[in-house]
Amino acid sequence: RIEEFQREHRRRASALRERWEDLNANYEKKLQVLRRSQSAYYAARANEDAMERAGQTAVDVKRKTQLAEQSAKMKELASNARDQYQIQSDQHQKTHTEYVEALKQTLADHGQLEDERLRFLE
């Protein structure tokens with residue numbers, strides 16, 4: 001009976017450890033997506049600003065027109081990147097909340113498993 005309980009306890013403890021590790025790995029993957037989205041947004045903003053500055057310093061009318069057109073494209077790209085980043089940020093907020101709840105549940109399950117072990121040992 002003791003050996004059977006110990007085997008079951010180790011199996012359940014191992015399953016909880018795996019769940020904990022899976023939660024952390026999945027969360028990290030989703031965090032990387034958010035970071036890439038954020039980087040893309042900042043890069044697009046930098047390109048937009050650079051294009052705008054170049055347009056302001058250009059003297060040739062033809063070049064000014066080209067830069068203005070490119071600047072408008074960069075503004076659109078930056079706007080799209082900002083929207084995408086906002087979507088990713090909103091999704092990450094939801095993911096973070098779910099992650100924290102899953103971690104709390106895993107900790108509660110671990111506490112329950114330990115309580116069972118202590119009761120069994122008594």
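**Briefing: Ser-37 and the overall form of the chain**

Ser-37 is located in helix α1, which covers residues 2-57. The model described here is predicted. Its protein chain contains 2 helices and 0 strands. With a radius of gyration of 26 Å, well over the 14 Å that the globule rule gives for 122 residues, the chain is more spread out than a compact globule.

- Leaving aside residues up to four places away in sequence, Ser-37 is in contact with Gln-84, Tyr-85 and Gln-88.

**Dimensions and contacts of the chain**

- Taken along the principal axes, the box filled by the C-alpha atoms of the protein chain is roughly 90 × 20 × 15 Å.
- Of the contacts in the protein chain between residues at least 6 apart in sequence, 80% connect residues at least 24 apart.

- The protein chain has an accessible surface of about 9,100 Å². Carbon and sulfur atoms account for 51% of this surface.

**Charge**

- The side chains of the protein chain include 23 that are positive and 22 that are negative.
- A distance of 4 Å separates the centres of the positive and negative sets.

How values were computed: Residues are numbered from 1 along each chain as its sequence is written. This is a predicted model: local features need pLDDT of at least 70, side-chain atom pairs count only at pLDDT 80 or more; totals for chains, interfaces and linings use all residues. Side-chain values use heavy atoms; hydrogens and water are left out. Helices (H or I, at least four residues) and strands (E, at least two) are DSSP runs, numbered from the N terminus. Contact means heavy atoms within 4.5 Å. The radius of gyration is taken over C-alpha atoms; the globule rule is 2.2 Å times the number of residues to the power 0.38. Accessible areas come from the Shrake-Rupley method with a 1.4 Å probe; for residues, only the protein chains shown count as cover. Lys and Arg count as positive and Asp and Glu as negative; His and the chain ends are not counted. The place of a charge is taken as NZ of Lys, CZ of Arg, CG of Asp or CD of Glu.
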